[in-house]
Amino acid sequence: MEVIVKIFFTFIKIGAFSFGGGLAMLPFIEKEIVYNHQWITSEEFVDIIAIAQMTPGPIAINSSTFVGYKVQGIIGAMVGSIGIVIPSFILIIILAKYFTNMKDNKATKAVFKGIRPAVLGLILSAAISVGKTALLDMKSVLIALIVLFLLKKVNLHPILAIVVAGIMGAILY
Amino acid sequence: MNPLIKMFLIFAKIGTFTLGGGYAMIPLIQKEVVEKNKWIEEEEFIDIIALSQTVPGALAINASTYIGYRLFGIWGGIIGCLGTMLPSVIIILIVATFFTQFQKISLIQAIFKGIRPAVVALILVAVIKLSKSIPTNRLYILWILTSVIGISVFHIHPILIIIFSGILGYKLFKGDKDHGSDC
């Protein structure tokens, strides 16, 4: 029981202090789980990260579920994944509540007019950073171009695009 | 169908196909929530991404919680969050129980090698679609480029870029009478 409570609070702490999501969370998780609590070894942690990146969903959820499972089975997995989302869940609800009320306010509108282009730049940067690790050879560039064509010209659903790309990967690599 | 159940299934579907990190989810949410179901407009969707970024935690979870809350209140927030989480939790449990060497299976590696370049294309198309909701003038193009260079070249934290752009937006546009699109 004590371990479960510890897992819960450790993941709440990780969830509360990891700005930037995804990969930015990994060093926090590593510090808490591998060094402070020594629940898993650093080799295991490396494996978990690899798996977390190759399974669907946010890396933070995947790795907390996996670590929780390693430490305390199914209950550990539940507690770990719920713990990690609690801080952001609470903050998002508070933010959404306030923002809905002040959305039509003149100042808020001005602020968001400035934020929108920045966010588009931010998403574009995400494409660049994924591109740096994904577009490594002619085959990967070809896959990207085919998917780009299917999305733009045929208006293919993103989920189908992912399935098609997975099949192309299985054939080409 | 009960709209809450419908939303749960949509977020579960999005969660199942979000491969390659949180940003890969943006095209999926854009398609399902903005384009198909028209629950949220493009402009507000961009704002939600900005707000999701200012809070700790995974972008995908934050955005789905926000959208759920915005549509159906507190229960919507819980259902949106759980819907996105559930597929990952189940898949991870299956992998952790049965395939401890999952990441070393060569077919999985090959599939993933195909998906990653597709994620680049998906995100690019989402940016193109979302950019239609902001004015296309020189100022905005310069603004987008500055943000890209700040993050990709100088590694400035996205939160700082958002805060700074918000301040700049306030200074530049606080006198505007017009609401929303002004192009």
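**Entry 1: domains of chain B**

I began with the two domains of chain B and found the centres of domain 1 and domain 2 to be 25 Å apart, taken over C-alpha atoms. Domain 1 covers 3-134 and domain 2 covers 135-176; such bounds come from an automatic or database domain assignment. I note that this is a predicted model, in which local features need pLDDT of at least 70, side-chain atom pairs count only at pLDDT 80 or more, and totals for chains, interfaces and linings use all residues. Residues are numbered from 1 along each chain as its sequence is written, while chains are lettered from A and ligands numbered from 1 in the order in which they are written.

I then looked up the contacts between the domains of chain B: four residues of domain 1 meet five residues of domain 2. Two residues are in contact if their C-beta atoms, placed from the backbone, lie within 7 Å. On the domain 1 side I found two nonpolar residues, two polar and no charged. Here Ala, Val, Leu, Ile, Met, Phe, Trp, Tyr, Cys and Pro count as nonpolar, Asp, Glu, Lys and Arg as charged, and the others, Gly among them, as polar.

**Entry 2: fold of chain B**

I counted seven helices and zero strands in chain B. Helices (H or I, at least four residues) and strands (E, at least two) are DSSP runs, numbered from the N terminus. Along the principal axes, the C-alpha atoms of chain B fill a box of roughly 60 × 40 × 25 Å. Of its 183 residues, 52% count as buried. A residue is buried if 20 or more other C-beta atoms lie within 10 Å of its own, exposed if 12 or fewer, and partly exposed in between, with C-beta atoms placed from the backbone.

I looked at α4(B) separately. Its end C-alpha atoms span only 29 Å, whereas a straight helix of 40 residues would span 58 Å at 1.5 Å a residue; the expected span is 1.5 Å times one less than the number of residues. I located a bend of about 150 degrees in α4(B) at B:Phe72, the bend being the angle between axes fitted to the seven residues ending there and the seven starting there.

**Entry 3: where chain B meets chain A**

I found 90 residues of chain B in contact with 84 residues of chain A. The helix that gives the most to the chain B side is α5(B), with 22 residues. That side divides into 62 nonpolar, 21 polar and seven charged residues.

I also examined B:Ser165, which is in helix α7 of chain B. B:Ser165 counts as buried because 26 other C-beta atoms lie within 10 Å. Leaving aside residues up to four places away in sequence, B:Ser165 touches A:Gly114, A:Ile115 and A:Ala118.

**Entry 4: positive phi**

Most residues other than glycine have a negative phi. I noted A:Asn155, with a positive phi near 55 degrees, in the loop between α6 and α7 of chain A. A:Asn155 counts as exposed because it has 10 C-beta neighbours inside 10 Å. I also noted B:Lys38, whose phi is positive at about 50 degrees, in the loop between α2 and α3 of chain B. B:Lys38 has 8 C-beta neighbours inside 10 Å and therefore counts as exposed.

**Entry 5: confidence in chain A**

I recorded an average pLDDT of 89 for chain A, with 97% of the residues scoring at least 70; pLDDT is the predictor's confidence in each residue, from 0 to 100. In chain A, confidence is lowest in helix α3 (residues 42-54), at a mean of 83, and highest in helix α6 (residues 138-153), at 94.
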